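This briefing sets out selected features of one protein structure, grouped by topic. Please read it alongside the sequence and the coordinates.

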Amino acid sequence: MTRLSPALLTLLLCACAQMPPDVAERVKAIGPVIDPPKTAVIYAPLQQKEPYAGVRVLRDLKYGPDARHALDVFIPDGGAGPRPVLMFVHGGAFVAGNKRAPGSPFYDNIMLAAAREGIIGVNVTYRLAPQHKWPAGASDVGLAVKWVREVIGRYGGDPRHVVLMGHSAGAVHVASYLAFPEHQRVGGTGLAGAILVSGLYAFEGGKPEKPDLAYFGDKAGTAEVSSLPGLLGTSTPLLVAYAGLDPQRFVEQARLLKDLRCVRGKCPRFVELAPHSHMSEVYAINTADRSLWGPIVDFVKSGR
C-alpha cells in the first residue's frame, strides 16, 4: 500500500472537504462523464455577472496571426506591481472550446478569481483540430507564453513570475509545451510553474479515441506525441490535479505522472478532487468552493 506524505494527505482532505453537499449530490448524479451543459446549469448561477467590479478587462488581444490567436487580460484594480501572472488554456477535446462564450461565465471565472488574489489573469484560446493538428496546440501555447513574457510588464505583471495552467485538452497542450523544447520561444519554458488539470500525457498503447484521431491524426496512439518523458525531466515546478469523477483514463494518467515523478525524487504538488467531475473542478473556481483554487493560489504565489 502506498503511504501518503502528510503534505499530500492534507491536500487530499482539503480538496474533499470544500464542496457543498447539495452541489456534490448534483454533480454525482451527472456521473463520471464530461458534460459541460449539465455542469454549467449547476455552477453558472453561482458566478459573477458582467460588468465586473475591481478589475480591468482587456479582450481579444492578439498574440499571433491566426483569428484564434487571441487572449484576454484581467488586471486587478489598485495595488503595486509587478504582480504574478496566471495563464489559463481551456479544454474542448481538441476540436472545440473557447476562452469565453457569449453569455457564459466560463472561463472568466478563473480570471476573476485570480484578480481577487492580486494575480493578473491571461485567458488564452488557440487553433483547433481537425484543421490544425498536432503540434498546433503546443505551438500556440509557445506563442502565448512569448507574448506574455514580452508584453505583460505593460499591465503590471511580472514576466519572471508566470504560471501556466491547462485543463483537459488545454492540459495536453501545456504538457506538450513543457515536454517538447522546440515550442519554447523564450530560452526554456519561461515559467515559474505549470498546472495540469485532468490532462492526458501518455498516448501509446490502446485504441485512440475520436478526439485523439482528430488532433494527432496518423500519430494518434504513438509515443511520438506523448509528453510523459519530457514531463519527467522538466525542471519547471508542477501542480497536477484530477477529479474523482473524471473518466478513468484521466485518473490513471494523473496518478501515473505523479508516481513516476516521485520515483525520480521530483514529486509534483498533487490534488485529488474526490467529489468533483471533469468540468465541475474548473467551473467551481470563483465560488465558495476552493477545492482546486486554494492549492492553485498557494502554488502561484509560492512558485512551488
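At what angle do helix α5 and α6 pack, and how far apart are their axes? In this predicted model, helix α5 (residues 136–151) packs with α6 at an angle of about 75°, and the two axes are 8 Å apart. Angles of 65 to 115 degrees count as roughly perpendicular, so α5 is roughly perpendicular to α6.

**Helix packing: α5 with α6**

- On the α5 side, the contact is formed by Gly137, Ala138, Val141, Gly142 and Val145, which meet His173, Ser176 and Tyr177 of α6.
- By class, the residues of this contact comprise 4 nonpolar and 4 polar, with no charged residue.

**Helix packing: α2 with α3**

- Helix α2 (residues 21–30) packs with helix α3 (residues 36–43) at an angle of about 170°, their axes lying 10 Å apart.
- Angles over 145 degrees count as roughly antiparallel, and α2 is therefore roughly antiparallel to α3.
- The α2 residues Val23, Arg26, Val27 and Ile30 meet Lys38, Thr39, Val41, Ile42 and Tyr43 of α3.
- The contact of α2 with α3 divides into 6 nonpolar, 1 polar and 2 charged residues.

**An enclosed helix: α4**

- Helix α4 (residues 108–116) has 8 of its 9 residues buried, so the helix is largely enclosed by the rest of the structure.
- The buried residues of α4 are Asp108, Asn109, Ile110, Met111, Leu112, Ala113, Ala114 and Ala115.
- These buried residues pack against the strands β1 (55–62), β2 (70–76), β3 (83–89) and β4 (120–124), and against the helices α10 (280–283) and α11 (293–302).

- Apart from neighbours within four places in sequence, Arg160 is in contact with Arg149 and Ala192.
- Arg160 and Leu71 are 89 residues apart along the chain, and their C-alpha atoms are separated by 19 Å.

**The largest pocket**

- The volume of the largest pocket is about 440 Å³.
- Its lining is made up of 27 residues, and those nearest the pocket centre are Ile34, Gly91, Gly92, Ala93 and Ser168.
- Three helices, α6 (169–179), α7 (210–216) and α9 (248–263), each supply at least two residues of this lining.
- By class, the lining of the largest pocket has 15 nonpolar, 8 polar and 4 charged residues.

**The cavity**

- How many cavities of 30 Å³ or more does the structure hold? The structure holds 1 such cavity.
- The largest cavity has a volume of about 30 Å³.
- Lining this cavity are His276, Glu281, Ala284, Ile285, Asp289, Arg290, Ser291, Leu292 and Trp293.
- By class, the cavity lining has 4 nonpolar, 2 polar and 3 charged residues.

Definitions and conventions
Residues numbered from 1 in each chain as written. Predicted model: local features only at pLDDT ≥ 70, side-chain atom pairs only at ≥ 80, totals over all residues. Heavy atoms only, no water. Axes fitted to C-alpha atoms, helices over the stretch in contact; angles between N-to-C directions. Helix = DSSP H or I, 4+ residues; strand = E, 2+ residues; numbered from the N terminus. Parallel < 35°, antiparallel > 145°, perpendicular 65-115°, else oblique. Contact = heavy atoms within 4.5 Å. Nonpolar A, V, L, I, M, F, W, Y, C, P; charged D, E, K, R; others polar. 1 Å grid on protein atoms, 1.4 Å probe; cavity = no way out; pocket = protein on both sides within 12 Å on 5 of 7 lines; lining within 4 Å. Points joined across faces, edges and corners; volume = space filled by probe spheres on them. Buried < 20%, exposed > 50% of the residue type's maximum accessible area, 1.4 Å probe, protein only.
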